[in-house]
Structure formats: C-alpha cells, structure tokens
Amino acid sequence: MSPEITKHNGKLQAAPLRSMPPPSSFTPVTPHLAISPTVSVVVPAMNEAENLPHVFATLPQWVDEIVLVDGNSTDDTVAVARRLRPNVKVVTQTGKGKGDALAAGFAACTSDIIVMIDADGSTDGREIISFVGALVTGADFVKGTRYAPGGGSDDLTLNRRLGNKVLTGIVNVMYRTQYTDLCYGYNAFWARHLDVLDLDCDGFEVETLMNVRAAKAGLKVHEVPSHERNRIHGESNLRAVRDGFRVLKTILKEWRRQPSPAQPEPTATPAADRGVA
C-alpha cells in the first residue's frame, strides 16, 4: 500500500498510511477476493413460494443478511423462505407496491451495502459480486443494465424495450446522465446513501426514482451488465403502459425537487474504507 501524496507550501508530503484491518474482518468471496463491508440482500415478494427456491439458490453464501419483504402473501412464501434460509429476516409489508416494499426492506437492513433483487427468478444472485465489486472500488450506487456487453434480457417485449429507451433518453437529457437502462430492478448501493434515495413512491417507478435521485445528489453511479431471465412461475404485476406513465410522471416531478446532499465517505468507521483484499 502506498502513502497518499499531497502538496503543502509547494512541497510534497506523504500522509500516514491507514492501518490494515485484521484478516478476520474480511469475508472470502472467491479464492482471489475478500471484502470487508457487510452485504444485505432485499427481496420483495408476494406469492412467490414456487420461485424462491430458484432465487435463493443463486444467492452467495457470503451474503451477511437476506431481508424478505412479504407483501401479505396468501401462499407459503414466508414458510418457504424460512425453510431455505433459517436466518432470513422477514418484514411484513404494511402498504402496497414494490416501492413501498423496498422502502420497508431497506429500513430493516443492518449491513454496509444493500442489494435489491426480484423474487420471480428474473435476476441472478450470482451477479451480486459484480455489484459489490464496483461499490468497494469506488462507486456509490451501482445499477444493472441489460444493454451493456454481457447483459441481455429474455423477457423484454418490443413495447417495453421502446418505452425504456424513450424514458432513459428523457432522463439522460434532463439530468445529464449517461444511463443505458432506466427501468431495471437490480441495483446496489452503500447504506449510508439511504437518506439521499429517500423512497416515497409505491410502484414500479421506484427504480427510476432511485436512479434520478442518485444522479441529482452527485453520487458516483456505475453500471454493470446483467442478464434478465423470464419469470419462472406466475404472472407479473407490471403493466407496461400504466407503469410507463407513472415513470414519466416521476421523472418530471423530480425535476422540481431539491436534491438531498450525499453523505461523505466515513472516516471513523472503516467499513466502506477497507475495501478489497
């Protein structure tokens, strides 16, 4: 590790090295990679008992916490989750909609990093390492994209693809971003930025809200490729036209809203600073 070099009165000075945390504080991720920050995964679910075995099977064993937000399911969603992962944290949703479920799940997380995935089998938990890797190497907010090399989708209809392209273009013009995929539900971020995101919506527009607020707050946003698969069982509650208009309304509404200031990287607590070994 090299010291940080700064200039003072025209002379180069080396700042003291930060102490390296003990090996026991790192969690092995691969044979060549270990991370120090803790990771929570939030899974909003309603009547997804048939899909959860597939979803949970992809979640890495090194994840510290799984938070299942149950939308008052009438099937065995909660029982299946507890059988699969006895230490799963179950939050019962009091409101309605995906945005409300994610807000409840985020509030229950205790880790340094929060990852959000879907419970229908469309998002692959094995990709979490890409999101976490981008965060520990400098990003504040990491969003999955189906349009980068290595990404893709088995589920995008022509209408959804066109709608997403138009809405992404509007956001890029209005907020000076360079997003390639606006309406995708696979994202991760440092928990210290929860106040910046400040979720206050109910529906599927939640991903757009998070992406816009991250950009307005000046967070360092990084995109990673992700492959969306078809829902395994059941039918989606997403309605392309209805939810597309909700997304557009959110984009325009956020234009008038003052952004919340981003939280600086902590200096006293080492979790976000220890990074990768």
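Me: Does Arg 213 count as buried or exposed?
Reply: Buried means under 20% relative accessible area, exposed over 50% and partly exposed in between (1.4 Å probe, protein chains only). The relative accessibility of Arg 213 is 3%, so this residue counts as buried.

Me: What kind of model is this?
Reply: Residues are numbered from 1 along each chain as its sequence is written, and side-chain values use heavy atoms, leaving out hydrogens and water.

Me: Which backbone oxygen lies 3.0 Å from a polar atom of the Arg 213 side chain?
Reply: Arg 213 sits in helix α7, residues 206-216 (helices are DSSP runs of H or I, at least four residues; strands are runs of E, at least two; both are numbered from the N terminus). Leaving aside neighbours within four places in sequence, the contacts of Arg 213 (heavy atoms within 4.5 Å) include Val 196, Asp 198, Glu 254 and Arg 257. The oxygen in question, 3.0 Å from a polar atom of that side chain, belongs to Leu 197.

Me: Why are the buried residues of α2 on the same side of that helix?
Reply: In α2, residues 77-84, the buried ones are Thr 77, Val 78, Val 80 and Ala 81. They share a side of α2 because, going by the directions from the helix axis to the C-beta atoms, they cover an arc of only 165°.

Me: Which strand at 89-92 is part of what covers those buried residues of α2?
Reply: The cover includes α1 (52-58), along with β5 (39-45) and β6 (65-70). Also part of that cover, at 89-92, is β7.

Me: Which residue with a positive phi follows α4?
Reply: Helix α4 spans residues 128-136, and its buried residues include Ile 128, Phe 131 and Leu 135. After α4 comes a residue whose phi is positive, near 130°, and that is Gly 138.

Me: How many contacts beyond four places in sequence does the model have for residues 1-8?
Reply: The protein chain averages a pLDDT of 84, and 79% of the residues score at least 70. Over residues 1-8, though, pLDDT stays under 50. Where pLDDT is low, the predicted coordinates should not be read in detail. Keep that in mind for the number of contacts the model has here beyond four places in sequence, which is 19.

Technical notes. This is a predicted model: local features need pLDDT of at least 70, side-chain atom pairs count only at pLDDT 80 or more; totals for chains, interfaces and linings use all residues. pLDDT is the predictor's confidence in each residue, from 0 to 100. A polar contact is a pair of N or O atoms within 3.5 Å; within protein, one must be able to donate a hydrogen and the other to accept it, and residues adjacent in sequence count only if both atoms are side-chain atoms.
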